[in-house]
Amino acid sequence: MSDGSWKRQVLEGMPAPAWLALDAPHQDVVLSSRVRVMRNLKGFAFPHRLNRDGLSEVNARVLDSVRNSDLDIIRTLSPGERHYLVGCRLVSMEFPFDSPGRSLILSKDRSAGIMINEEDHLRMQVLSAGWSVESALLNSETILGELERTLEFAWSPRFGYLAASPYNAGEGRRVSGMFHLIGLAHLKRLPNVMKALAQRRIFTRGLFGESSRAIGAFVQVSITDGKLGDLSGACEYLMTEERAARREVSRDLLTERVGTVVNYLIGSPGLTLADSLRSVGWLRWGAVVGVDGVRWTPRDVDGWLTHLEVQGDSEDQALCRHRSEFLREKVER
């Protein structure tokens, strides 16, 4: 049994993230909605200024606050499980889970992940299916309400909630949607659209946050300040423009491109993360349209994204081989 097959068997027992639910609004264009919240405990320095004892004290206080709640405290993670949770976007790539004073808390339905002592004392990521940001907001407020029963957060009348990075102070919240803008990317219109959004203080990133690019046309569209209505309006505009762009591409061309990608995946001995994302982007578009030969759904493809092992060097031969084996198995079924 290959290492990749063993990992997949282990991960099959892990709950799928809630954002992979089939009843996802506007799922042709939007994979998920997310609310990311940061908080710091009053009376403690930020994590990068705390010693081991201080980190442990923060960790203990947060764990005590959720011990009787409907949340799972994760004690250990195998490398494969960690890769999977990063792919699910419940854990950040930068989170030093194995370091002193760190813990991970997950909701039972895997809609939320709370990292203790990442950049801030608390980093919470709440996700919901498709374009459903109101649902993610409500869930995040419910969890925050539970935490606030026993924890006091650092806040100032001048700056709002205090953060390790001054840019995150204030509401301490980033609201986003994960879009698949492959039609705009194919027609070379995506860069101009992203520039227009930036002028309105609506930011775009890649699938896995600040350090990733919009490879495969997977684009995270987010806002940290301003009105939520501004983000909603921008996202409605994006959905309209993306659907219009897709209609300009012929079914025959898309069928040919998907077939080329399938043949490439079947014959490839290894795939970088970038190659995997580009390939998966075309497979997802083909699934949305329902071109000939496609036996998978868009939500199937969204699930594949969680298994691409995004941590580490994407050129590593073992990771490249794992991605190749995984995607080959999916398209050959």
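Colleague: Why is Cys 88 counted as buried?

Modeller: Buried means under 20% relative accessible area, exposed over 50% and partly exposed in between (1.4 Å probe, protein chains only). Cys 88 has 1% relative accessibility and therefore counts as buried. Cys 320, with a relative accessible area of 9%, is buried as well. The model is predicted: local features need pLDDT of at least 70 and side-chain atom pairs count only at pLDDT 80 or more, while totals for chains, interfaces and linings use all residues. Residues are numbered from 1 along each chain as its sequence is written, and side-chain values use heavy atoms, with hydrogens and water left out.

Colleague: How many disulfides does the structure hold?

Modeller: The structure holds zero disulfides, the criterion being a pair of cysteine sulfur atoms within 2.5 Å.

Colleague: What makes Ser 176 buried or exposed?

Modeller: Its relative accessible area is 2%, so Ser 176 is buried. This residue lies in strand S8, residues 173–180; helices (H or I, at least four residues) and strands (E, at least two) are DSSP runs, numbered from the N terminus. Leaving aside neighbours within four places in sequence, Ser 176 has contacts (heavy atoms within 4.5 Å) that include Trp 131, Val 221 and Leu 231.

Colleague: Why is Ala 198 called partly exposed?

Modeller: Ala 198 has a relative accessible area of 44% and is therefore partly exposed. Ala 198 belongs to helix H6, residues 190–199. Its C-alpha atom is separated by 9.9 Å from that of Val 221, 23 residues apart along the chain.

Colleague: Why are H8 and H11 described as oblique?

Modeller: Their axes come within 8 Å and cross at roughly 130°. Axes are lines fitted to C-alpha atoms, for helices over the stretch in contact, and angles run from 0 to 180 degrees between N-to-C directions. Angles under 35 degrees count as roughly parallel, over 145 as roughly antiparallel, 65 to 115 as roughly perpendicular and the rest as oblique; H8 and H11 are therefore oblique to each other. On the H8 side the contact is made by Val 262, Leu 265 and Ile 266, and the H11 residues include Leu 327 and Val 331.

Colleague: Which residues have the most contacts inside the largest nonpolar core?

Modeller: Among them are Leu 85, Trp 296 and Leu 327, in a core of 50 residues. A nonpolar core is a set of buried Ala, Val, Leu, Ile, Met, Phe, Trp, Tyr and Cys residues joined through side-chain atoms within 4.5 Å. The largest share of this core, eight residues, comes from H9.
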